[in-house]
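My entries are below, in the order in which I made them.

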Amino acid sequence: MRYGFFPGCTLESAAGELMISTKKVASALGIELIELDGWTCCGASHIQDVDEFLATSVNARNLALAEKLDAPLMTVCNTCTLMLRTTKKDLDEDPELKKKVNKGLRESGLEYKGTSEVTHLLWALIQDYGIENLKKLVKKPLTGLKVANFYGCHIVRPPQIMGFENHRNPRSMEMIAEALGAECVDFDQRLACCGFHAVFPAEKEVLKLTATNCISSKMAGADCMVTPCPLCQMQLDMYQPDAQKGYSADIEIPILHLPQLIGLALGYSPEELAINRHIVNAVPKLKESLGV
Amino acid sequence: MLAYDVVVVGAGGAGMMAALSASEDESLKVACISKIFPTRSHTGAAQGGINAAMGYRDSTDSPEKHFKDTVKGSDFLADQDAVEFFTTKMPEVISELDYYGVPFSRDGNGNIAQRPFGGASSPRTCYSADKTGHVILHSIYEQCLKKEVDFFDEWFLLSLVVEDSSFTGLVVMNIKTGEIVPIKAKSVVIATGGFGRIYWNRTTNALNMTGDGTAACFNIGIPLKDPEFVQFHPTGLASTGVLLSEACRGEGGYLLNKDGERFMARYAPEKMELGPRDLVSRSIETEIKEGRGFGEGMDSYVLMDLRHLGKKKIMERLPQVRELAMEFEGVDMLEEPVPIRPSCHYMMGGIHVINPETLSTQIEGIHAAGECACVSLHGANRLGGNSVADVVLFGKYAGIGARETAHRRSYGSETKLNQEAQVWNKKFETIRNKKTGKNIVDIRNKMAQTMWDNVGIFRKEEEMATALKEINQLIKDYKDTYIGDPAVRYNMAFVNYVEIGNLLDLAKGVVMAALNRKESRGSHSRGDYQTRDDANFLAHTLVHKRENDDYELEYIQVKITKYQPEERKY
Amino acid sequence: MEKFIFRIHRYDGTTKWVQEYQFPYEENKTVLWALTKIKDEIDPTLNFTSACRHAICGSCGVRINGTSYLGCKTPLDEIIETFDSKMLTFEPLKNYDVIRDLVIDWKPKMKKLKLVKPWLIPTEEGSVEKGFKQTEQEFSKIASPTDCILCGVCTSECGQLNVNDGVYLDPFILNKAYRFALDSRDGSSNEHIQPVLDNELWKCIHCMQCVTNCPKGIPLTDQIAYLRKTTMKMGAKDNQGARHAYAFYDDVKKVGRLNEMMLPIKTDGMVKTIGKRVPMAARMVYKGKINPLHMPKKVNGIEGIRKIYKYAQEVSK
């Protein structure tokens, strides 16, 4: 299995641990990730506010880079996935737009053809790799660990663009967590928004959301939350101390990236997966539940 | 006591147009009450379009031609002064709607697009894709917001009050609180829509089309005009009765029987599917009766085939219709023909209006417009595209009429208004606390069944006599009914109870008028009297409700100015 | 016998309770069918609103298992399949005042709607006597936004409204502003858009719930992007939202990727950033999450990206 890998900006800085854990897990599973040479920011749902055509063009370029590798494009970020898939759908459904965009790409010797699919690690594990194959490689089952799967918006919505599974009741995260031996808790905010994209202009509201999300998972008895999106992870983790300020109840709960959860079951230590980089220290809870 | 110069009852196209034009005079206090939030009104369900001889698509079209088509469509029962007023004014109203922001579909010249419709000699139906009523309703509502019309949403008309032969106001229920409130008014516009729900689920009508305003007028002595003329829309979806727009036929859809035959060739060789609604409905039912339909009994149907129009045209002109067929019948019209069957659609009859330019009734101060009223614009059969037109045009003139009436009159006495409110308060209390009696839903369903079986598309003396007997019994049963909800706040069971009472009163009017009209004309088609009888029935029926609740029939002359009755052929 | 079990959230003006209804399962039925059946045959005290039965009047929005649906057009079988259960929980739409049971109050929303002047402000090219000329293409721009039936599903699902104190405009209100701003017959798009900006336009959190659940398929989130773009064209660039968007826009042009270190400063300004974000920054540096000295390098092919920018500018003109 070979993918053109699109890390997204956060993996180069604040979510560096996701880069580390993704690479570890991919190599343990025998998945070849070839980082796209010269990939750019997907626009993160912001560039479209300035110039929609530009946002489409920039991502057409990213897609063209994957096509050059003759491989599907894989991300580990919900928003990157949505941005890239939106562009792909727009271009594939509108030949005029495609022509117009390609005119811009031609100057740098690129062309968008529409030959590479866009997927996310979460989907690839289920669709391409297979849950059964993943199970075979589990060395340390996560028995006793209660996880709250926080999907994040852009892995399921809007379904016309994402469409991998039923957006009102997705199961992919649970399938993986259960394959790893963890126990999944059901909680109200399972499909909620983390608010990350508006944390600057809507700080008050977004912190409220962060607290709600954390409390909801804690109330359901989770030891940690797991998310397939680094932006959700950042919001839930980095901003947790700020979100705590408005609440008397303890909202603290560790937030893991999906590859970190997988890595633990594959036998890596929390340090190897850079879990110690999180603001909310997950290590004690993991030690308590898993004895790692 | 609340007091308004003009009170409009109903917030559909007619009601809000009336409220808007009444509000033009800023010296007047205008209120618009509606039992539902305004944009829920049934005008929104009109799909295909609104007729006006703009002449954009066919420069030879004219109000005169529209006039002639409407009269012919009405089977010569329409009042021609009203029709001429209507067709002459319609083009102005379309421009006014355009100016209000109605998003009309456009032609290549930037003019409002027009399409052919049943019974029209020119393509004169202006439209907005297939959601014409919806966009008109919302645009008029927006204008009302702009004008700051005083809306009383979810207030329900209980009765109109006349003291010493003079209109003094109305009694309404604030559904949200359960309060029963008298309102003093100098004039009122009744715009409460039709009463197709006498057939309950065998109708394209919304659940709340129960003729509340028509019944309120009927109860204070304003007669019901021509109630026997009930339009059955040819293309209701087979399984639910939900409307499939006439635009399907307008855009060139075929009607097919089980032999795959375009059977309209038998009934309207020239116009084919574009024949008027009454004719097409009867043709479909005849096909079914003679064994050329699909399915059995109540589940019988024929097909509407649009596949030959191609994907592009269907997606452009009929996108919502396609969605509708997919969601409510499970059929994609791009791939398959749609099962359809006639469904009760429209009441040509209604409140007896005596002046088409002011929409006044015989009681000074009470005006009526839209489907609840009978002007009579549609006579024995309404043409597609003439109802939204009726609603906006006559709604507008009713508002102007009511405005002028309000200037002429002063507020009346409060005595009877207070008494009437007391009567309703007591009734509310009694009914909501009653624990036994006849089941109201049963009464409703029995009414619908007998109306559909015996006073439907084809009518016969014997069957209608059965229906009359049954309706009379149901009216008796209704007096001993209970609703099962003791609450004061938002008691929809009580609202439904009053609505069903209204339907029963009106249904009885329909049956009596139909029984006594011993001819076939327009939508009124009798197996025992198969031809039109101008010698005896070129006349409007008036049904009066007398003091002792007895009904009495009277016939008045049709106003014929220009077009003498002739055989109606398509 | 298979049966439906509905748990309906009831409210009578003072008390709230959950009431359970059970009745035989039937195939191919809608949500509205079930509610009507309960009222007609089981419990006349249950209240909800409905009218047209075919998704044009917007009356019958309701929340089932936490998601908002238009009752008349939603097959029960679809919901059963989604949640893998015939036991369903019904609640009134969220972010509305509830009157009774599933009935919500629209009146306060209309007050809010009026902020964006939801009516045509005609240009001088038209007149009440003659109407307007409008091209087919101009009409096509307002065709989809005028599909809105005011059903309230978007409001109920809106992630920002769930946590907002009431200023943020409901998606259907944004749609209305957009609809008039785009109408070629409207002469004053700023009058519709300025109130949108003044009422927290940039607080949309991109949860995609409105666009996902709109029963009319209106592209509400594209509209929000358009409204934002337009406010910036109107000159409103000096706010957090606009500065944030431009930070991305500029960074990609400069190096191809986002400079996360500089993002708060670009968005909030230096003073505010130091005042507010130093503790967070310190936490992050301490955990090794950020390296203050790391500056993204220009990506391979940055020249090509700049050409795309130049080209896009020409196209957008």
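Conventions. I am working with a predicted model, in which local features need pLDDT of at least 70 and side-chain atom pairs count only at pLDDT 80 or more, whereas totals for chains, interfaces and linings use all residues. Residues are numbered from 1 along each chain as its sequence is written, chains are lettered from A and ligands numbered from 1 in the order in which they are written, and side-chain values use heavy atoms, with hydrogens and water left out.

Chain A against chain C. I looked up the contact (heavy atoms within 4.5 Å) and found 68 residues of chain A facing 64 residues of chain C. The buried area (accessible area, 1.4 Å probe, lost when two parts are put together and summed over both) is about 5900 Å², with 60% from carbon and sulfur atoms. On the chain A side, D49(A), R168(A) and F200(A) lose the most area to chain C, together 15% of what that side buries. I counted six salt bridges here, a salt bridge being a side-chain nitrogen of Lys or Arg within 4 Å of a carboxyl oxygen of Asp or Glu. One that I noted links R283(C) to D242(A), at 3.3 Å from N to O.

Chain B against chain C. This contact takes 67 residues from chain B and 61 residues from chain C, and about 5000 Å² is buried, 51% of it on carbon and sulfur atoms. R40(B), Y99(B) and R489(B) supply 15% of the area that chain B buries against chain C, more than any other three residues. The salt bridges between chain B and chain C number nine; for R444(B) and D40(C), which form a salt bridge, I read 2.7 Å between the closest N and O atoms.

The sheet in chain B. Taking strands as DSSP runs of E with at least two residues and helices as runs of H or I with at least four, numbered from the N terminus, and pairing as at least two bridges found by DSSP, I traced an open sheet of five strands in the order β17-β15-β10-β22-β23, with mixed pairing. Its edge strands, β17 (373–374) and β23 (551–557) of chain B, each pair on one side only. Two bridges join β10(B) (residues 224–225) to the antiparallel β22(B) (residues 539–545), and the bridge partner of K225(B) in β22(B) is L542(B). I also noted that helix α15(B) (residues 492–516) lies across β10, β22 and β23 of chain B, at about 55° to β23(B), with axes fitted to C-alpha atoms, for helices over the stretch in contact, and angles from 0 to 180 degrees between N-to-C directions.
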